[in-house]
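User: Hi! Could you walk me through this one? I'd like to start with the packing and then move on to the strands.

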Amino acid sequence: QVQLVESGGGSVQAGGSLRLSCAVSGATFENYCMGWYRQAPGKEREGVASIATGGGVTWYADSVKGRFAISQGNAKNTRVLEMNSLKPEETAMYYCAADLRPKYGGSCGDPSGYRYNYWGQGTQVTVSS
């Protein structure tokens with residue numbers, strides 16, 4: 001069965017950095033879309049970043065461009081979201097999400113959309129001012 005296992009997150013002061021990791025298991029295809037979205041209490045879900053695991057094409061929300069980056073993790077099925085220069089307004093639960101249909105070429109787009117139908121358990125990111 002499909003599982004998305006997240007790790008990382010925590011608390012940091014404004015301007016600091018955190019890393020989130022997501023391991024996807026049970027996928028039928030090697031090339032698919034995965035990413036992270038976040039949701040703060042009382043706010044709508046917001047896509048943060050995504051990557052096409054085959055071609056490596058990434059997508060980032062305008063609000064995080066230049067500060068966040070997705071990279072390959074230690075395992076083939078793992079990706080890491082590096083978050084730098086964090087802001088207090090980015091305090092939220094961060095969820096790993098995946099669209100495991102085969103993806104060949106192009107961007108995966110916003111991972112908060114309905115096509116991403118697998119999710120991790122979420123991890124809290126708290127940024128203090």
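User: Which residues does Leu-81 touch, leaving out those up to four places away in sequence?

Analyst: In this predicted model, Leu-81 touches Leu-18, Arg-19 and Leu-20, along with Trp-36, Val-48 and Ala-49. Phe-68, Ala-69 and Ile-70 are also on its contact list.

User: Nice. How many residues are in the largest nonpolar core, and which have the most contacts inside it?

Analyst: That core has 28 residues, and Met-34, Trp-36, Leu-81 and Met-83 have the most contacts inside it. The elements that each give two or more residues to this core are E3, E4 (33-39), E5 (46-52), E7, E8, E9 (92-99) and E11 (123-128).

User: What lies apart from it?

Analyst: Another core, of seven residues, including Cys-33, Ala-52, Tyr-95 and Cys-108.

User: Switching to sheets: what is the strand order in the open sheet of four strands?

Analyst: The order is E1-E3-E8-E7, with antiparallel pairing. E1 (3-8) and E7 are the edge strands, each pairing on one side only. From one strand to the next, the twist averages 20°.

User: And how many bridges join E7 to E8?

Analyst: Five bridges join E7 (residues 68-72) to E8 (residues 78-83). The two form a hairpin with five residues between them, and Ala-69 has Glu-82 in E8 as its bridge partner.

User: What about E1 and E3, how many bridges there?

Analyst: Six bridges join E1 to E3 (residues 18-25), and the two run antiparallel. Gly-8 stands opposite Leu-20 in E3, and Leu-20 is one of the residues that Leu-81 touches.

Technical notes. Residues numbered from 1 in each chain as written. Predicted model: local features only at pLDDT ≥ 70, side-chain atom pairs only at ≥ 80, totals over all residues. Heavy atoms only, no water. Pairing = 2+ DSSP bridges. Axes fitted to C-alpha atoms, helices over the stretch in contact; angles between N-to-C directions. Core = buried A, V, L, I, M, F, W, Y, C linked by side-chain atoms within 4.5 Å. Buried < 20%, exposed > 50% of the residue type's maximum accessible area, 1.4 Å probe, protein only. Contact = heavy atoms within 4.5 Å.
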